[in-house]
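Here is a friendly briefing to read beside the model. It goes through strands, helices and charged pairs in turn.

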Amino acid sequence: MTTERGLVSPTKETEIALHEEIILAKRQITDNLDQILTVLPERVQTALAPYLEEHSDLLELVLDLGRPAEARFGNNLHVDLRPASDDPTDTANEVTLDDIDHVTSRISDFGFDNRAGIERTLHRISCIRNRSGRVIGLTLRIGRAVYGTVDIIRDIVESGKSLLMLGRPGVGKTTKLREVARILSAEFRKRVVIVDTSNEIAGDGDIPHPAIGRSRRMQVKRPEEQHAVMIEAVENHMPQVIIIDEIGTEQEAFAARTIAERGVQLVGTAHGNSLENLLLNPTLSDLVGGIQSVTLGDEEAKRRGTQKTVLERKAPPTFDVIIEIMEVDKLAIHHDVAKVVDKMLRGQLPRPEIRVRNTGGVVEVVQKAELPPDRPGEKSGGTYGMTFEPESAAAPAPAERGGFGQSERKSFGQSGKTVHLFPYGVSRSRLERAMANLRVPGVVARDMKDADLIIALKATFRREPAKIHEARGKHIPTFVVRSNTYIQIESALREVFGLQPTVLPTDEEAAISEASDAIEHVQETGEAVELAPQNAYVRRLQHQLVERAELGSESLGVEPRRRLKILPNTLV
């Protein structure tokens, strides 16, 4: 059957209608359209009615002083509403101050972000003001709760990974956030808290819209306070999931990283159309690990086949998965953000997984994710994870041990005499506790000149070598420990007195031990303690340990020197 250009054959028209019915059967749409129409002036309602009978995809209404009201539908259809006549020069069609006052008197008060709403609906009304603060323009955006729109990424939502959605305005980011909140809170019974800055996710008023399920909603008084409310949510309400719309400032990005370090699943949106845009945004690039310039050595640059100065990811990404919303039913998904960012910084463009929902409502993967192979000398991981092989606490470097040799070690263990140990940068109480537990003949010397052996902390040893040289001049051996933890101190005493050595802890175990000792110190003294820098995963474990001790904690600094600070209850 042939058809004229621009027309659809009856058979094709029937097929399209059938597909639309299938999709709508899977999606339930709640728009509360009547409630926003009732706030409009009667003459605008009358002019709009014929278009609503023909089109069901009304997006927003625009009322600007001195112009005809405008209705905007899907597919870029814009219609001027002329209730008086079709004459475009007829001033009777223009919006007046009385029309604007008619609307503003029937909605909630405008906030600091010039946004308002209608009680228990998802509609958003934004205003334009003149210099004196008078409202002279309104944008009434239709809010819809679309149930079933998240089935295209449901496997990712259920995985517990933190995910960030990107996309242009109006593509459906907030709609998907709302549905994610409903699924996680109502179906999976998780503790979900929504940080709702503009009341756009859960609607206007104090009672949230049913579309968010059992999620709790925290409102934000001022947009610039969103980052503080994010931290308040995780500290006060013990959420398993936090949902944030429009992460747009450096403070909010920093708060998101702090939340992720505490083991809370994050689901959010950010300004930007793609991962490349986000990576080049200096304000928000920290969400995907951030960028730093690194200078390589000659051999390393030659091995990699690159210039000496290269860009590297400086920290673990805050979000595990990035979803680019290309269209309402077409998504590009980056499943491993860390590896994808590393490849991008090396000039290699990974292929994301692309999912679409076809006309039959079935989700299809039309392109599988693919990472370019590593080049010679390369490996994913960025510079945030670079570590140097530490000297074992049981085998310090000879230059740092002040001539402390094998024969001296045996003499301490076999002489039976009391050994006077001077702690240089090492906790005196932990040293005494370790000696008591091991039952070795040792006491803590009050002065370095009275010591038979100095046990020095590595950082202090390197910062103040003059005193160590003075001790060497007096032939006092020095034993260096890597960190001021009980495990390291006990390991040192075992070697000093020739006891059976223990298996040294991993970096993770040492960090946990350090946190435990610091918690004990804070509980005893009430003084805050900063821990050694650790990666994001270890900091998360330390945060959890502090929470169990009912103390406060915060992350300080930037990668790779980012670290935990443990606070007493009075500072929480």
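Buried means under 20% relative accessible area, exposed means over 50%, and partly exposed is in between, using a 1.4 Å probe and protein chains only. By that definition Asp 517 is buried, with a relative accessible area of 8%. This is a predicted model, in which local features need pLDDT of at least 70 and side-chain atom pairs count only at pLDDT 80 or more, while totals for chains, interfaces and linings use all residues. Residues are numbered from 1 along each chain as its sequence is written, and side-chain values use heavy atoms, with hydrogens and water left out.

- Helices (H or I, at least four residues) and strands (E, at least two) are DSSP runs, numbered from the N terminus.
- Five of the five residues of strand β10 (residues 192-196) are buried, so β10 is largely enclosed by the rest of the structure.
- Val 192, Ile 194 and Asp 196 point one way from β10, and Val 193 and Val 195 point the other way.
- In a regular strand the side chains alternate between the two faces of the sheet.
- Two strands pair if DSSP finds at least two bridges between them; β10 pairs in the parallel sense with β12 (residues 241-247) over four bridges.
- Strand β11 (residues 216-219) also pairs with β10 in the parallel sense over four bridges.
- Val 192 has Val 241 in β12 as its bridge partner, and Ile 194 stands opposite Arg 217 in β11.

**An open sheet and a hairpin**

- Four strands form an open sheet in the order β21-β20-β22-β23, with parallel pairing.
- Its edge strands, β21 (442-444) and β23 (478-481), each pair on one side only.
- From one strand to the next, the twist averages 30°; axes are lines fitted to C-alpha atoms, for helices over the stretch in contact, and angles run from 0 to 180 degrees between N-to-C directions.
- Helix α14 (residues 428-438) lies across β20, β21 and β22, at about 165° to β21, while helix α17 (residues 486-496) lies across β20, β22 and β23, at about 150° to β23.
- Elsewhere, β3 (residues 69-73) and β4 (residues 77-81) run antiparallel and are joined by five bridges.
- Three residues sit between the strands of this hairpin, where Asn 75 takes a positive phi near 60°.

**Helices α7 and α8**

- The axes of α7 (residues 226-236) and α8 (residues 250-261) come within 8 Å and cross at roughly 10°.
- That makes α7 roughly parallel to α8, a label for angles under 35 degrees.

**Salt bridges**

- The structure holds 29 salt bridges, each a side-chain nitrogen of Lys or Arg within 4 Å of a carboxyl oxygen of Asp or Glu.
- Asp 99 and Arg 43 meet in a salt bridge at 2.5 Å, N to O.
- Asp 99 lies in helix α4 (residues 97-104) and Arg 43 in helix α3 (residues 42-54), so the pair ties together parts that are 56 residues apart in sequence.
- Arg 433 forms a salt bridge with Asp 517, with the closest N and O atoms 4.0 Å apart.
- Arg 433 lies in α14 and Asp 517 in helix α18 (residues 507-525), so the pair ties together parts that are 84 residues apart in sequence.
- Arg 154, Glu 158, Glu 179, Arg 182 and Glu 187 are linked in a network of salt bridges.

Conventions:
Angles under 35 degrees count as roughly parallel, over 145 as roughly antiparallel, 65 to 115 as roughly perpendicular and the rest as oblique. Contact means heavy atoms within 4.5 Å.
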